[in-house]
Amino acid sequence: MIIEVKVPQLSESVSEATLVSWHAQEGQAVKRDQNLIDIETDKVVLETPAPADGVIVKIIKGDGSTVVSGELIAHIDTEAKAGATPVAAAAAAPAAVAASAPAAAAAPAGTGPAARKILAEKGLDASAVQGTGPGGRVTKGDALGVTRPAAAGSSVSVSAVAATTAKAADLPQPPVPPAVEAVLSDRPEQRVPMSRLRARVAERLLQSQATNAILTTFNEVNMAPVMELRKKYVEKFEKEHGIRLGFMSFFVKAAVAALKKYPVLNASVDGNDIVYHGYFDIGIAVGSPRGLVVPILRNADQMSIAQIEKKIAEFGAKAKEGKLSMEDLSGGTFSISKMLSTPIINPPQSAILGIHATKDRPVVENGQIVIRPINYLAMSYDHRIIDGREAVLGLVAMKEALEDPARLLLEI
């Protein structure tokens, strides 16, 4: 019995995904629920389990292929033996070759996925485009260089445009000066495509800068009170809760205290409306092998210090293993990043807090220069809805909470 292996249902916000790497090959026996392939979206990497015991008789979509929800990617024969090619699969092979012949004729040298998308939007056939890539491959630049077919009766045609493109490609190129060629020789380069996560992060960062009026305000915090409190209770805390007491939970609590006082910092823009959120979902930026991800602490105002520390540790482990789910990464009303910079807002949020490493620095207290453990805070905010007053006061509220941790317990 032949069973189809399809791409699992993706999130509504994810239109397509990439097949990262198959963990089984054609002719290999697999067990039910065994992970067959990793599928990367712009948020997470999904595992695709085998629907039944059997043998993979055909892999339809290989590594690096772009796929959508429900798309067929392989066949499993539940009655076949490993290494054997089922009769049904062998009989289907000539038909598959015949079916693929028109596509091969349309693009004998191959067409990149980006080029295919552009040509489809223009209503063009890849066979009408002269490829300039390796082996005549139609590249994204080739697809961008051709135009939509002219209306009936027009003297301009796709073939004419293609011919012009081919002539331009055949024109002699200026020679590279020997001195430049010598400098560039023996300097290896490697070109690799961005992962979907990296490309999505880049897209959102550009979107944020293009759509938000970003301004950043700074302040410094004396971390001595928090450090003393932590030092006093770190061992008891770990014995009681089974988790190490860090500093991020204090920053989360201080941020929530400030957001409660100045709700616009926890708001977002929706068209011409300001949406004030009655909950506090705090995003914590975490590094992972795939890039920066921001899992969400939901209802952070209702979480204890121990619960926050446990959840952050869980997020860190899941990020390292690539196990973060769509639910872990969706939503958020405010974010915290462990890096001193002018952090970029994570849309549709309107503010983000950047924190620095705590270091001993000279400060002036009562006319005397003393050494204190200082942490610099930087909060970027959307100036369209947040005025400088709210931003400054919000940062001051965080500073006061951290310099007097009892405020966090008494909520004052």
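A search of the whole structure turns up two cavities of 30 Å³ or more. A cavity here is a set of points, on a 1 Å grid over the protein atoms alone, where a 1.4 Å probe fits but cannot get out, and lining residues have an atom within 4 Å of a point. A volume is the space filled by probe spheres set on the points. This is a predicted model, where local features need pLDDT of at least 70, side-chain atom pairs count only at pLDDT 80 or more, and totals for chains, interfaces and linings use all residues. Residues are numbered from 1 along each chain as its sequence is written, and side-chain values use heavy atoms, with hydrogens and water left out.

| Cavity | Volume | Lining |
|---|---|---|
| Largest | about 70 Å³ | six nonpolar, two polar, four charged |

In the largest cavity, Arg 290, Ala 319, Gly 322, Lys 323 and Leu 324 lie nearest the centre, out of 12 lining residues.

Now for helix H6. Its buried residues (under 20% relative accessible area, 1.4 Å probe, protein chains only) are Arg 196, Leu 197, Val 201 and Ser 208. Seen down the axis of H6, they fall within an arc of 130 degrees, so they line one face of the helix. Leu 206 and Ala 210, on the other side, are exposed (over 50%).

Technical notes:
On a 1 Å grid over the protein atoms alone, a cavity is a set of points where a 1.4 Å probe fits but cannot get out, and a pocket is an open set with protein on both sides within 12 Å along at least five of seven lines; lining residues have an atom within 4 Å of a point. Ala, Val, Leu, Ile, Met, Phe, Trp, Tyr, Cys and Pro count as nonpolar, Asp, Glu, Lys and Arg as charged, and the others, Gly among them, as polar. Helices (H or I, at least four residues) and strands (E, at least two) are DSSP runs, numbered from the N terminus. The arc is that of the directions from the helix axis to the C-beta atoms.
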